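Here is a short briefing for a reader meeting this structure for the first time, arranged by topic. Please keep the sequence and the model in view while reading.

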Amino acid sequence: MYQPNQVQLPEHGYPYTTRATPSTYRLAFDSINDDYKILKIDNKGSSTSFNKIFALKSGCWRNIGNHCRGFVNNVCGEEDSLAFVRGAFHWIGKDNLSRHFMISLNISNEVYGEISLPEGICNIHGSQICLERDISVLQGMLCAYRTHLSPRDCTFKLWVMKDYGVKESWTELFSIRGPELYQNIGLQMVKCYSTSVCTKMRG
């Protein structure tokens, strides 16, 4: 296995401006090509911005375009954004009809795919406001979560995909409602749940 020590990344070709779009970077190992790769996407990228990938062996950035339906990326920039499962990165995108869906990018062949989200993650009704909607990894499986605000309180919901790529395998793990929930609590809830499961398994 190729094991790098320290590498300085070259410029990726985007000119810096004061209006530059925040980006998210994630590193993963490509076991098929025995190479380390870094994916860069604009957190709120549009059809005019292109995702890029850096392969350590080649030492350069390459444009890899966008998902054919990924009009806008919906990445919050958290430390676990761009969930890496089954050799692919995953994140939420939104098309030009404002429909949310999950984008996948295989790190080996660099081919985009699409995975269905749980139906409840996009169902916002009436006066409800979605504070966050994202995906992560829980016990090696894809999970999705949402926090929404209603006139009375906030609700957090967490789903896990038990059978990768199978829409029907999305399972709601739990739902929490309370006035003290807040935006960006989702990743903390996923980590707390993961820790509690690991503790029970060891006990």
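Cys68 counts as exposed in this predicted model, because its relative accessibility of 82% lies over the 50% mark that is used for exposed residues. Cys143, by contrast, is buried, with a relative accessible area of 0%. A search of the whole structure for disulfides finds zero of them.

- Strand E1, which covers residues 23-30, pairs with E2 in the antiparallel sense, and eight bridges are found between the two.
- Within this pairing, Arg26 has Leu39 of E2 as its bridge partner.
- The hairpin made by E1 and E2 has four residues between its strands, and in this hairpin Asp34 takes a positive phi near 50 degrees.
- On to strand E3, which covers residues 52-55: E2 and E3 run antiparallel and are joined by four bridges, with Ile38 standing opposite Phe54 of E3.
- Strand E2 covers residues 35-42, and seven of its eight residues are buried, so the strand is largely enclosed by the rest of the structure.

**Asp30 and its surroundings**

- Asp30 belongs to strand E1, and it is a buried residue with a relative accessible area of 0%.
- The side chain of Asp30 makes a polar contact of 2.6 Å with the side chain of Asn33, and a polar contact of 2.6 Å also joins the side chains of Asp30 and Ser108.
- When neighbours within four places in sequence are left aside, the residues in contact with Asp30 are Asp35, Lys37, Ile107 and Ser108.

- Leu105 is found in strand E8, which covers residues 100-106, and its relative accessible area of 0% makes it a buried residue.
- Although Leu105 and Leu39 are 66 residues apart in sequence, their C-alpha atoms are 9.5 Å apart in space.
- Not counting residues up to four places away in sequence, Leu105 touches Leu39, Ile64, Gly87, Ala88, Phe89, Trp91, Glu110, Val111 and Tyr112.

**Aromatic pairs**

- Counting as pairs those rings of Phe, Tyr and Trp whose centres lie within 6.5 Å, the structure has seven aromatic pairs.
- One of these is formed by Phe54 and Trp61, whose rings are 5.4 Å apart from centre to centre with 50 degrees between the planes, an arrangement that counts as tilted.

Conventions:
Residues numbered from 1 in each chain as written. Predicted model: local features only at pLDDT ≥ 70, side-chain atom pairs only at ≥ 80, totals over all residues. Heavy atoms only, no water. Phe/Tyr/Trp six-rings, centres within 6.5 Å; stacked < 30°, edge-to-face > 60°. Buried < 20%, exposed > 50% of the residue type's maximum accessible area, 1.4 Å probe, protein only. Pairing = 2+ DSSP bridges. Polar contact = N/O pair within 3.5 Å; in protein donor to acceptor, adjacent residues only side chain to side chain. Contact = heavy atoms within 4.5 Å. Disulfide = S-S within 2.5 Å.
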